[in-house]
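Let's take a walk through this model together, one packing arrangement at a time. Have the viewer open and follow along.

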Amino acid sequence: MNAPVDVSFFHRDAKPLTSYKPYWAKRFGPAPFLPMSRAEMDQLGWDSCDIILVTGDAYVDHPSFGMAVIGRVLEAQGFRVGIIAQPDWQSAEAFKALGKPNLFWGVTAGNMDSMINRYTADRKIRSDDAYTPGDVAGKRPDRAAIVYCQRCREAYKDVPIVLGGIEGSLRRIAHYDYWSDKVRRSIVVDSKCDILLYGNAERALVEVAHRIAAREPVENITDVRGTSFFRRASEEGWFEVDSTTVDEPGEVEPHINPYMTTSEQAEAQGQSCSKEDAAKSGADSAAAACGSGANDAKSVASVQPIQFVPNLSLRSKSKLPPRERTVLRLPSYEEVKSDPILYAHANRVLHLETNPGNARALVQAHGEGTTARDVWMNPPPIPLTTAEMDWVFGLPYARSPHPAYADESGSHEGATKIPAWEMIRTSVNIMRGCFGGCTFCSITEHEGRIIQSRSEDSIIQELEEIRDKVKGFTGTISDLGGPTANMYRLGCKSPQIEAACRKPSCVFPGICQNLHTDHGPLIKIYRRARKLPGIKKILIGSGLRYDLAVKSPEYVKELVQHHVGGYLKIAPEHTEQGPLTKMMKPGIGSYDKFKQLFEKFSEEAGKKQFLIPYFIAAHPGTSDEDMMNLAIWLKKNGFRADQVQTFYPSPMATATAMYHSGRNTLTKVRRQMRDEAEERVDIVRGEKRRRLHKAFLRYHDPNNWPLLREALKAMGRADLIGNGKQHLIPTFQPLVDGSYQSARKKNSTSSKSGGGIGYTTNKDGKAVAVRRRSEDASLEPKGDVRFRSSQPQPGKLLTQHTGLPPRAGVGGKAKPGFKAAAGPAKSGGTRKPR
């Protein structure tokens with residue numbers, strides 16, 4: 001089957017990026033690096049910058065870094081672009097380093113939301129920052145986009161501020177903020193920017209830049225897709241649809257028959273109300289008493305409530321306002337801040353209006369009275385065509401960090417190495433977007449669900465550039481992918497259906513019948529790339545959508561036999577249906593099908609390769625029993641998680657709305673739930689319960705055993721506590737220090753192990769700590785002694801999970817009781833160490 005044509009309904013009104021008349025400064029030509037200092041500007045012959053970009057990341061001139069892409073796109077349009085990277089935000093002086101921009105500031109917090117970049121899921125400050133030279137933390141402030149905008153305004157108050165980046169995208173409406181545990185205002189309000197560009201903003205940015213350059217006031221630029229801004233009054237010619245409430249008409253009290261006596265009225269409603277009692281207490285009190293009886297739920301058995309239905313005659317296309325001139329009014333910031341149900345409703349409406357083919361504009365009021373202003377959000381941007389994607393990725397990137405970050409030897413490999421650049425320096429991004437719709441992920445909210453793919457020639461050209469230009473290239477490409485490794489050129493079979501679709505996912509609860517799953521174009525790229533001279537190995541490091549992959553066994557074979565470096569990471573995220581439905585992820589059966597193909601093709605190629613599954617703890621909709629069952633599955637299949645992902649409520653994600661409201665926003669949000677089991681979501685709050693869910697994923701860590709024993713007993717599953725292979729955790733408890741040292745970071749284990757500490761019992765039945773003399777002494781337990789060490793044992797915990805083959809030269813026998821953890825290959829996708 002052929003891939004869908006690139007030009008669809010989305011592009012019929014989109015102006016191509018390369019069709020604009022270049023700005024006059026194009027005569028200066030491209031810069032080797034966009035300047036970060038006045039001295040560099042002087043070398044380029046510039047007296048000033050037309051646009052200055054401020055970013056929370058170090059400047060790496062590579063197409064995987066947002067500021068580099070934006071800077072090169074603007075440069076190609078003829079503008080002189082400077083960059084201020086990771087400035088000192090304590091004052092405005094650092095923001096004056098390049099002088100006053102002629103046109104506008106471009107501001108972003110960086111490739112990550114600054115709060116996610118600085119804090120863990122447990123709200124602890126991180127000790128590193130992969131986007132900073134030397135992996136040093138603390139080079140950007142909390143809520144960096146807001147702080148940078150304030151400093152830009154202080155530096156030159158009359159220069160327009162254009163805000164972008166993922167932090168701006170995910171905070172464009174009132175949003176729940178996990179770190180302060182409250183709903184915050186739109187970032188448009190807090191940053192006081194003039195206009196916000198959300199999503200991949202090349203199309204919007206180029207138009208806004210040329211219009212500002214043409215001296216059009218930024219406050220008049222209100223018709224660009226993918227933008228958000230302030231507006232004090234509704235725009236003339238727009239039709240506003242009120243979506244500020246979730247209430248539905250409930251039961252209506254029946255009209256009272258005026259010809260019936262009080263007693264007869266009560267009797268008709270199944271109540272007792274004697275005339276004698278009424279005479280004593282007075283007519284008013286009797287009527288009140290009977291009125292209260294009428295409200296009793298039992299009294300409406302024979303009453304038929306009035307039903308309100310929409311006037312279907314008004315639903316014809318000729319009677320409805322045009323979608324392109326329709327704006328939906330969301331509940332105001334003040335309403336969603338105080339009412340979690342309204343917040344869930346607003347979030348659901350936002351996610352339903354994300355398809356560029358049919359999305360309507362949104363508006364949300366902030367403030368009350370005379371200070372009230374509307375935050376207006378235009379529909380999402382039109383996706384880039386393949387030709388435009390090729391143009392963006394074909395710009396003259398240096399593919400290196402800025403020379404200012406070089407160490408004493410002029411290299412970027414030493415103390416000033418930028419880990420994020422090191423990770424992607426030999427990778428190639430072949431596409432954008434994701435139609436998976438996973439509720440915990442923000443890719444769809446930022447990049448959209450329409451896949452935007454590069455051409456085969458463009459991808460091959462970048463591979464050749466890496467081979468010829470990247471210093472120290474060894475012949476291995478670390479990744480050939482994108483947000484998802486195998487969505488290249490996948491899409492809807494019908495452009496008409498794609499433009500009209502409002503589903504949040506094309507692959508949940510099953511793969512849509514209108515989605516073509518032909519991996520042929522991707523297979524062709526893999527084969528052509530492998531034939532390039534100087535390319536020895538091409539690995540796939542992006543996340544793999546395995547439910548799509550199993551639809552194309554030929555692709556799985558190509559991937560497994562040529563593009564797996566021993567281990568392949570995939571993310572089933574959970575095994576239980578409850579949390580999986582809240583994640584919009586496929587069932588564990590899809591993982592099993594992929595695993596069978598993976599093992600089959602690995603065996604055919606004569607390779608020993610292993611799947612590394614990743615899981616999430618504490619996701620909304622996950623019960624304690626769900627995590628217990630996942631832990632049982634992990635032990636049965638021989639996996640011991642080294643690092644654990646805990647659910648992180650990122651701004652605007654669907655799962656975050658569930659976390660805040662306790663409601664399932666994948667269904668219609670109601671105040672009176674019709675099906676509590678379907679609409680209410682089990683939320684994992686509090687440090688203790690989140691720790692418990694993490695502990696189930698790391699059931700093998702002795703530090704977690706006391707917590708797990710307590711929980712299993714409370715859950716009535718004490719049968720899982722014991723010293724046999726069928727048990728999840730043992731009854732004994734070694735002395736532990738409360739911490740865990742990751743073997744993956746050490747990347748090796750010692751062939752000799754020191755003494756361990758265990759517990760035995762004395763004649764009085766009390767526990768006594770004893771120390772083993774050597775590893776050999778611990779192999780055969782004596783009496784009631786059971787030894788376990790929190791440190792990895794030889795040949796055991798060498799990578800992400802145990803059950804993988806030991807390193808050459810690392811010996812050691814398996815300890816008693818650990819045989820089940822290694823697991824037979826036929827039951828768990830791993831093999832026993834030899």
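**A guided tour of helices and sheets**

The axes of helix α23 (residues 624–636) and helix α26 (residues 687–697) come within 8 Å and cross at roughly 20 degrees. Before going further, please note that this is a predicted model, in which local features need pLDDT of at least 70, side-chain atom pairs count only at pLDDT 80 or more, and totals for chains, interfaces and linings use all residues. Residues are numbered from 1 along each chain as its sequence is written, and side-chain values use heavy atoms, with hydrogens and water left out.

Helices (H or I, at least four residues) and strands (E, at least two) are DSSP runs, numbered from the N terminus. Axes are lines fitted to C-alpha atoms, for helices over the stretch in contact, and angles run from 0 to 180 degrees between N-to-C directions. Angles under 35 degrees count as roughly parallel, over 145 as roughly antiparallel, 65 to 115 as roughly perpendicular and the rest as oblique.

Back to our pair: α23 and α26 are therefore roughly parallel to each other. Their crossing is left-handed (the near helix is turned anticlockwise from the far one by less than a right angle; clockwise would be right-handed). On the α23 side, the contact (heavy atoms within 4.5 Å) is made by D624, M627, M628, L630, A631 and L634, and on the α26 side by R689, L692, H693, F696 and L697. These residues divide into eight nonpolar, one polar and two charged, where Ala, Val, Leu, Ile, Met, Phe, Trp, Tyr, Cys and Pro count as nonpolar, Asp, Glu, Lys and Arg as charged, and the others, Gly among them, as polar.

Helix α18 (residues 520–530) and helix α20 (residues 553–562) pack at an angle of about 30 degrees, with their axes 10 Å apart. That makes α18 roughly parallel to α20, and the crossing of these two is left-handed. Here L522, I523, Y526, R527 and R530 of α18 touch E554, Y555, E558 and H562 of α20. The residues of this contact comprise four nonpolar, one polar and four charged.

What does α20 do with helix α22 (residues 588–604)? The two pack at an angle of about 55 degrees, with their axes 9 Å apart, and α20 and α22 are therefore oblique to each other. The crossing of α20 and α22 is right-handed. From α20, the residues P553, V556, K557, L559, V560 and Q561 meet F594, L597, F598, F601, S602 and E604 in α22. This contact has eight nonpolar, two polar and two charged residues.

T517 lies in the loop between β21 (515–516) and α18. Leaving aside neighbours within four places in sequence, T517 is in contact with L490, I511, L548, K551 and S552.

Next come the sheets. An open sheet of three strands runs in the order β23-β24-β25, with parallel pairing (two strands pair if DSSP finds at least two bridges between them). β23 (567–573) and β25 (645–646) stand at the edges, each with a single partner strand, so one side of each is left without a neighbour in the sheet. Five bridges join β23 to strand β24 (residues 610–617) in the parallel sense, and I570 stands opposite P613 in β24.

Another open sheet has ten strands, ordered β3-β1-β4-β5-β8-β9-β13-β12-β11-β10, with mixed pairing. Its edge strands, β3 (81–85) and β10 (239–242), each pair on one side only. From one strand to the next, the twist averages 25 degrees. Within this sheet, β1 and strand β4 (residues 104–107) pair in the parallel sense over four bridges, and the bridge partner of I51 in β4 is F104. Helix α2 (residues 66–76) packs on the sheet, touching β1 and β3, and its direction makes about 175 degrees with that of β1. Helix α7 (residues 202–213) lies across β4, β8 (195–197) and β9 (227–231), running at about 150 degrees to β8.
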